[in-house]
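Subject: Structure handover

Hello,

Here is the structure I promised to pass on. Please have it open while you read the notes below.

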Amino acid sequence: MKETKKPAATEKFCCISKLKVFLLASSFAYLAKTMSGAYMNSMLTQIERRFNIPASLVGIINGSFEIGNLLMIAFVSYFGAKLHRPRIITLGCTVMSFGCLLISLPHFLMERYQYETALSPLENSSSSMSMCLINQIQSSTSMEKQSAECEQKSGSLMWVLVLVGNMIRGIGETPIMPLVISYVEDFSKAENSPFYIGCLQIATVIGPFIGFMLGSYCAQLYVDLGFTDIEEVTITLTDARWVGAWWLGILICGSVNLLTGIPFCFLPESLPKEGQASDTELLSKINESKERGETQAKWKMREITKDFIPFLRSLFHNPVYMLFICITVMQFSAFIGMITFMPKYLEQQYGKSASQAIFLIAVYNLPVICIGYFLGGFLMKKFKISTIQAANIAFWISLIEYLIYFAAYFTVCENSPVAGLTVSYEGIEQVSYMETTLLADCNSDCDCSSKVWDPVCGKNGITYVSPCLAGCKASDGTSKYTVFENCTCVAASGFSSGNVSAVLGQCDKEANCDMMLHYFLILSIVCSFIYSLGAMPGYMVLIRSLKPEEKSFGVGIHILASRVFAGIPSPIYFGALIDTTCLKWGTLSCGGEGACRMYDIVTY
């Protein structure tokens, strides 16, 4: 008898261990997928600059993940539970890894990054050179090279690979969450299931934090890491032309996704339910029910088809449910649009580098959101809040957050003084920008191009679009240490005290802009906490407004609506709106518009 019981106990121990192994592997899978998503979101500005595309195209790239997700969600929802779930999860992790690889591929196919600059090798060869002479040499050689450059660089569609890769990443991510949750629900005790799923959700908070930290680090590294001498790069981290090593982090995310899928290969299709007395008997019952389910598949499909229209009609006639979907679409549209372009906003509004912007978002917002979600759920459980009370809480919290966010209008910096864009060359009045406003009497003798963006900061505190447009006649030094001298436009401004030189880069923001950033971050913390605090009561209103037999279908339609009407279009139209605030566009090698270099930050 002892010999027969020992294997059963050992088998039970192994099965319980396998469930724990599955939970551990699932935690890493959750962490990997959320880390990839957060990293990709943090690198959108770098992708915009690298491929010289407008923000609206960046929005399409970001929305492609949701499109990939939608392509597979119906298949996974219906067939996922009938197949070998751990292996399907492995396949999903592998597909995500392949998507990440495809996203990074353009970096290895494109030539080295070349940003717009007024400096040339001729200038670096001498300590002093006439800027007008350099401009004339560049103008004469540009026509000869233009046709060849057009064939090689301009109109590059390499960004399409990033879009397709992100869509594939969305396809791979689809099976992970629903199959993990269904597997845990099927083979764990009913009282343990919420705890296990709660532990998995912790990974969805840690993952984005790691992703943003990785993004902050990679944004500091120059895009052509290992192939370009950083001393020869004339732009800084805060320059609108700076591109970080966006491809490096996505390769790391792909590797992590691939590794997290390996443990699922060794897990069984089914397990004895946690705490069952006879494991072998339960396994045979599971197999019998599976066979019975396969023989009745057609009947189930007919039942689903028969119930689909009545369920859909019932949901559409549920006023609380339909109102909640409308609210979710509006809230998600704002939330997704804001998160997508928040790093760009901090860069443009407060003059921070991409690395600093990503770091601030991660440190100031993610921990507070986590606390808000936990506290909202805890208060719901402790005070046994009813549906009506939950609806009132969600309403007032949303209203308070909305009203508080109006304070953001008082945390705006003024537009930096840029000659010909935001102020006149005299520096005393605002201008309505047109291409002709970049030209003035002080630079008319140099035949300057108005398309090049290579800003210099005059000693008078005004930024000029290029050394040529600043009227600089000579330069001294090389690379980023170049000083431009005898700048007639600096002298013409009337603010100079005899020193009519300029240095590379835009002038610093106004003195109180750093203080405005602190106010904005405090406001962001408060609103993020309030938003997350009301999320759980709002979700309870959704769940409790549905009949028991409609819950699964209703939640599915809710997710579908939020993705179709918010997740996909929101980044696109937010990007298009942001494009309308652009003051100075970058220039492609054939003269077309590239990525925006400077925005009207008040309108933004």
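Asp239, Arg241 and Asp454 are linked in a network of salt bridges. A salt bridge here is a side-chain nitrogen of Lys or Arg within 4 Å of a carboxyl oxygen of Asp or Glu. By this rule the count comes to nine salt bridges.

Before the rest, some ground rules. This is a predicted model: local features need pLDDT of at least 70, side-chain atom pairs count only at pLDDT 80 or more, and totals for chains, interfaces and linings use all residues. Residues are numbered from 1 along each chain as its sequence is written, and side-chain values use heavy atoms, with hydrogens and water left out.

Glutamate 48 forms a salt bridge with lysine 344, with the closest N and O atoms 2.7 Å apart. Glutamate 48 lies in helix 2 and lysine 344 in helix 13, so the pair ties together parts that are 296 residues apart in sequence. Helices (H or I, at least four residues) and strands (E, at least two) are DSSP runs, numbered from the N terminus. Glutamate 48 is buried at 2% relative accessibility. Lysine 344 is buried too, at 4%. The cut-offs: buried means under 20% relative accessible area, exposed over 50%, partly exposed in between (1.4 Å probe, protein chains only).

Arginine 597 forms a salt bridge with glutamate 116, and their closest N and O atoms are 3.0 Å apart. Arginine 597 sits in strand 8 (residues 593-599), and glutamate 116 in the loop between helix 4 (85-109) and helix 5 (121-124), so the pair ties together parts 481 residues apart in sequence. Arginine 597 is buried at 3%. Glutamate 116 is buried at 12%.

Aspartate 514 and lysine 352 also meet in a salt bridge (3.4 Å, N to O). This pair links distant parts of the chain: aspartate 514 is in helix 17, lysine 352 in the loop between helix 13 and helix 14, 162 residues apart. Aspartate 514 is partly exposed at 40% relative accessibility, whereas lysine 352 is buried at 18%.

Helix 14 (residues 354-382) has 29 residues. Its span from first C-alpha to last is 42 Å, close to the 42 Å expected at 1.5 Å a residue. The expected span is 1.5 Å times one less than the number of residues. Where does helix 14 kink? The kink is at asparagine 365, shortly before proline 367, and is about 25 degrees. The bend at a residue is the angle between axes fitted to the seven residues ending there and the seven starting there. Lysine 384 follows helix 14 and has a positive phi, near 50 degrees.

Helix 17 (residues 513-533) has 21 residues and reaches 30 Å, close to the 30 Å expected. Its buried residues include Cys513, Met516, Leu517 and Phe520. The buried residues of helix 17 pack against helix 13 (319-350), helix 14, helix 15 (387-404) and helix 18 (535-544).

Serine 570 is in helix 20 (residues 569-579). Serine 570 is buried, at 0% relative accessibility. Not counting residues up to four places away in sequence, serine 570 touches Ser333, Ile336 and Gly337. Contact means heavy atoms within 4.5 Å. Serine 570 and isoleucine 336 are 234 residues apart in sequence, yet 6.7 Å apart in space, C-alpha to C-alpha.

**Positive phi**

Most residues other than glycine have a negative phi. Asparagine 52 has a positive phi of about 55 degrees. Asparagine 52 is in the loop between helix 2 (44-50) and helix 3 (55-79), and is buried at 18% relative accessibility. Asparagine 486 has a positive phi of about 55 degrees as well. Asparagine 486 lies in strand 5 (residues 483-487) and is partly exposed, at 47%.

**The whole protein**

The protein has 20 helices and eight strands. Buried residues make up 47% of the 604 residues. Residues 24 or more positions apart account for 76% of the contacts with a separation of 6 or more.

Best wishes
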